[in-house]
Each structure stands twice: as C-alpha cells, then as structure tokens.
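Subject: The model and what turned up in it

Hi,

Here is the structure I promised to pass on. Have a look at it first, and then read my notes below.

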Amino acid sequence: MTDPLFNKIQIGSLKLKNRIYMPAMHLNMAQDFLVTDRLVNFYAERARGGASMISVGYATIDNMSGSSMNIGAHSDDHIPGLKRLSEAIQSNGALSAVQLNHSGRYNFSFFLDGKTPVAPSAIASRLTRETPRELNIDEIKEIIDAFASAAYRVKQAGYDAVEILSGTGYLISQFLSPLTNHRTDEYGGDLDKRMRFGIEIMEAIKTKTGQDYPLIVRMNGNEFMQGGSSTQDLITYARSLVDAGVDALCINVGWHEARVPQIVSEVPRGMYAYLARRIKESVNVPVIASHRINDPVVAREMIADSMCDMVALGRSLIADPYFPEKAKSHRENEIVHCIACAQGCFDNLFQLKSVECLCNPMAGYEKERAIQKTKTPKKVIIIGGGAAGMSAAITAHDCGHDVILFEQSNQLGGQLHLAGAPPGREEFSVLAKDLANQLMVRKISVALNKKVDMAIIESLSPDHIIMASGAQPITPPIPGIDQSHVV
Ligand SMILES: Cc1cc2nc3c(=O)[nH]c(=O)nc-3n(C[C@H](O)[C@H](O)[C@H](O)COP(=O)(O)O)c2cc1C
Ligand code: SF4
C-alpha cells in the first residue's frame with residue numbers, strides 16, 4: 001500500500017512530490033528587507049529534508065505592510081536576494097513560494113517610523129494597542145496594485161508559486177470581517193463588498209503574473225473572533241477565491257487577537273483538521289491543513305481520512321528539517337518533534353530576535369554550527385542524562401569523539417519529565433524520548449543508575465568530562481520561608 005503522505009499531487013500546473021508543505025514563517029532573519037545568508041542556509045536545509053514545497057515570508061508588498069526584518073518584495077532591489085533564496089530551495093529538491101502580506105492594523109507604528117498603521121476602518125487593535133487610520137479608495141487601489149506588482153517580482157525571482165495571506169487578522173481578513181470593516185463604500189457592507197478587496201487582489205495577481213502562474217491563498221477556517229466572519233462567510237469566500245483562479249487553499253486557525261488556543265501544547269495534535277475538511281468539502285482545489293501537525297502518524301491519517309489534501313508542517317520543520325525524509329524511510333523514531341513550547345520561535349519573534357528552537361540547536365545556525373569531524377578523537381565522559389547532557393553527547397559523537405554518558409537515575413530526560421508533568425505539557429516528555437532515541441540510533445554508550453565517582457573516572461581516564469548534572473533551585477533567604485505553610 002502506498003503511503004498517503006508521499007503520494008504526488010498537483011497545484012495548478014505544478015507537480016509536487018509529496019503532501020508536505022512548509023508554511024510561511026516570519027523568522028526575523030531578513031535585514032533591511034533583504035534576504036540574508038542565514039535565511040538561505042535555513043531554507044536550504046529544510047529543502048534537503050524532503051518537504052515538497054516551501055513558502056517563505058511573509059514578504060512585504062509596500063512600506064506600510066511589515067517591518068524591515070520581513071523579507072521584502074516591494075522593490076525591484078529585492079529580486080536578486082529573493083532569487084538566491086528560491087535557487088537554494090529548488091536546488092535542494094523542493095518547490096518554492098513566497099507568501100505576500102499586508103499587516104494593516106496589526107502593524108506597529110514603531111516599525112513605520114511613527115506613521116499610523118492603516119486598515120479598512122479606524123478600529124483599535126488588541127494586539128498592538130494602537131488605532132489605525134482608515135484607508136481611502138485611492139490607497140486601496142494602490143495596495144491592490146502593490147500586491148500584483150510584488151507577485152510579479154516573486155515570479156521574476158523564479159519562485160514556483162505565490163501565496164497570499166488572507167487570514168490571521170491581517171489586512172485582507174480585516175476587510176472580510178464585519179468586526180473590523182465598518183466602511184459604507186464599495187469595500188464595506190454586505191459579504192460581497194467585504195470580500196471585494198481580497199478577490200480584486202487575486203484577480204490583479206492573475207492578470208499580472210498570467211492565469212497559469214500558481215496562486216495559493218492562506219485563509220482562516222475559523223477566525224475565533226466573536227462578531228467576525230461566520231463559518232458560512234468563510235466557505236463563501238473560499239469558493240469565490242477559487243472562482244477568481246486560486247489554485248490551492250491553506251487553512252489557517254484564528255486571528256492573533258483570538259482568545260482560543262491555536263498553537264500551544266495544550267492543543268491536541270491535528271486538532272484543527274476539521275476546519276480544513278469543511279473547506280475541502282466546498283471547493284475543488286487542493287486544501288492544506290495546518291497547526292499542531294507534529295507527527296507523521298497524525299499527518300498520514302488526516303490525508304487518508306480526506307480531511308485535507310496536504311499538511312502544513314511549520315514548527316515541526318524548524319525542530320526537525322528531516323521529518324519528511326525520516327517519515328518516508330521508516331525512521332519515524334528518529335524524528336525530533338516540535339513540542340509546541342514557543343520558547344525559541346514565537347518568544348524570540350516577539351522580542352524582535354531571530355527564530356531559534358528549544359529542540360534543535362542548529363535552527364537558524366545551519367552554517368555556523370555545522371558539525372566538523374575531528375581529526376583527533378577524544379574520550380568524553382558526560383555526567384547527567386538530561387536535555388543538556390544528551391545534546392552534548394549527540395554533538396560530541398557526531399564530531400567523532402568516543403562518548404560515554406552517565407545518569408544517576410533510572411531514566412534519561414532529567415527535568416524534562418518534570419516539565420512534562422502538568423496537564424497539557426506532556427510534549428516536554430516527548431523531547432526526553434526523542435533525545436534518548438537519538439542516542440540509541442547512534443549507539444552512544446549510556447550507563448543508567450550510575451553515579452560517577454573518582455574510581456570510574458580513573459578507570460576510564462577520559463580526555464574531557466562534561467558536567468551536565470543539572471541546577472539546584474535557589475531558596476532566597478526570606479525570614480519564615482522554611483515554615484510548613486509556605487509552598
Ligand atoms: C516564528 C513564526 C512566524 C510565523 N509567521 C507566519 C507568517 O508570516 N505567515 C503565516 O501565514 N503564518 C506564520 N506563522 C504561522 C505558521 O505558519 C503556522 O501556521 C503555525 O506555526 C502553526 O502551525 P505549526 O503548529 O505547524 O507550527 C508563523 C509561525 C511561527 C512559529
Ligand atoms: S521552539 Fe518549541 S514551539 Fe518553536 S519550533 Fe522549537 S519546539 Fe516547536
């Protein structure tokens with residue numbers, strides 16, 4: 001029987017080798033809107049890992065649509081960098097796309113040299129705590145043209161497709177939602193008028209890039225915003241997008257202002273597949289499901305059960321770029337799962353730092369931290385089998401050293417098991433298992449229930465000892481802290 005995850009599929013005229021799509025993730029790795037080596041190295045590695053198509057971005061369409069840490073697509077000066085990135089993806093085996101977006105009332109004035117962000121209506125944003133300025137009709141037409149021009153640059157830079165972000169609460173979805181669009185002209189009012197901005201953008205892109213240039217739209221399956229677009233509105237919008245020539249839909253979950261959990265570890269794996277299915281039942285183009293798909297078993301089941309045609313693996317491919325290759329070659333126990341902690345990716349993003357990963361020290365440092373084989377192998381003892389000890393063991397082994405890891409308890413994982421104990425945090429224990437599997441496949445020597453003493457050190461005579469025995473909690477010297485009622 002063939003593996004549903006690795007069946008071929010077509011988006012418009014494009015032939016994809018499998019069902020794994022890497023969705024756009026703004027990584028804060030561009031500088032002055034320009035593609036950097038860091039971005040190129042990051043995505044080349046994900047392409048090598050086996051995803052069929054990689055969408056980069058989001059990229060800006062004008063100077064009000066994002067920040068200078070976004071990849072830019074609003075000037076011809078951006079084309080050479082974009083081209084370098086698409087070539088890195090394609091030459092390593094994946095198809096490439098750029099996601100274009102305008103953040104509208106989700107932009108911050110400090111990214112815009114103090115200028116007020118723009119929106120369909122002047123309605124304050126809970127995300128930014130700022131009130132945007134209402135766009136006039138001329139400005140709306142300019143933005144539609146800017147989307148089309150940016151899409152044309154994407155095509156000129158050699159990408160296989162262009163993707164438009166029409167969800168998550170960004171500008172196009174702000175026009176669609178009655179919550180944020182209070183206009184009384186041709187771009188506001190009933191659903192047809194609220195859809196108009198998005199549909200005109202897609203039509204302008206098709207006119208500018210050619211009807212056969214593949215166009216993907218990322219839209220919400222549910223906004224999870226009270227008073228926002230209804231499920232039926234979103235289905236009608238999906239159908240209208242397809243009528244306008246859109247070749248595939250990637251189904252997103254919630255707005256940034258929504259109170260419903262979307263990406264945290266409490267959200268069960270594959271939980272939002274039902275949103276993709278609802279859209280899939282209403283359109284005749286491929287539908288990509290998204291969010292918390294971090295395991296091939298779940299991904300495979302979603303496709304086999306016709307919930308979706310493809311799966312978007314976002315953070316899963318930050319945590320392990322080789323997830324697709326491992327799933328394909330029956331090495332699933334070697335996958336390092338994204339544990340939905342947000343500590344290296346989203347947390348960094350909101351601190352204006354480049355994206356990293358708690359589970360993958362190489363993410364964002366593909367070149368700088370590339371493993372160099374040693375010419376002088378050493379004997380290395382590692383004391384402690386928690387996350388740090390296991391990671392040190394893996395790196396030292398991969399560099400060619402002879403490694404023995406000692407753990408005084410009867411299991412590997414250390415504090416990860418404590419972190420994984422509260423309900424909804426179980427994924428932390430998955431990391432303990434994944435790292436232990438990494439030791440196992442490398443056949444690294446592990447001694448459990450063994451406290452290292454001088455006799456052991458003298459008998460093994462190591463060149464290096466790495467102490468990874470964990471930290472002790474600090475108890476501040478507060479009077480009364482040792483009383484029985486203090487927890
Ligand atoms: C650091 C980061 C940046 C993101 N930026 C974008 C973006 O620019 N456009 C977009 O459509 N989604 C963006 N997302 C959302 C992801 O594409 C994806 O939908 C989300 O992480 C949930 O899927 P996952 O559980 O597979 O990661 C971002 C996610 C992360 C972690
Ligand atoms: S930092 Fe956490 S949530 Fe982000 S990709 Fe890594 S494991 Fe996933």
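How many nonpolar, polar and charged residues does the lining of the second largest cavity have, by class? There are 9 nonpolar and 4 polar residues in that lining, and no charged ones. For these classes, Ala, Val, Leu, Ile, Met, Phe, Trp, Tyr, Cys and Pro count as nonpolar, Asp, Glu, Lys and Arg as charged, and the others, Gly among them, as polar.

Before going on, some ground rules. This is a predicted model, where local features need pLDDT of at least 70 and side-chain atom pairs count only at pLDDT 80 or more, while totals for chains, interfaces and linings use all residues. Residues are numbered from 1 along each chain as its sequence is written, chains are lettered from A and ligands numbered from 1 in the order in which they are written, and side-chain values use heavy atoms, with hydrogens and water left out.

Now the empty spaces. Rolling a probe the size of a water molecule over the atoms shows where empty space is left. On a 1 Å grid over the protein atoms alone, a cavity is a set of points where a 1.4 Å probe fits but cannot get out, and a pocket is an open set with protein on both sides within 12 Å along at least five of seven lines; lining residues have an atom within 4 Å of a point. Grid points are joined across faces, edges and corners, and a volume is the space filled by probe spheres set on the points.

The search of the whole structure gave 2 cavities of 30 Å³ or more.

Next, ligand 1. Its surroundings comprise 19 residues, with Ala24, Gln99, Arg218, Arg292 and Arg315 the closest; a residue is near a molecule if one of its heavy atoms lies within 4 Å of it. A polar side-chain atom of Arg315 is 2.7 Å from an oxygen atom of ligand 1. For Ser290, a polar side-chain atom lies 3.5 Å from an oxygen atom of the ligand. By class, the shell has 10 nonpolar, 6 polar and 3 charged residues.

Finally, the second largest pocket contains about 820 Å³ of space. It is lined by 29 residues, and Asn360, Pro361, Met362, Ile394 and Arg442 are nearest its centre. Helix H12 gives the largest share of the lining, 5 residues. The lining divides into 17 nonpolar, 4 polar and 8 charged residues.

Happy browsing!

Note on methods. A polar contact is a pair of N or O atoms within 3.5 Å; within protein, one must be able to donate a hydrogen and the other to accept it, and residues adjacent in sequence count only if both atoms are side-chain atoms. Helices (H or I, at least four residues) and strands (E, at least two) are DSSP runs, numbered from the N terminus.
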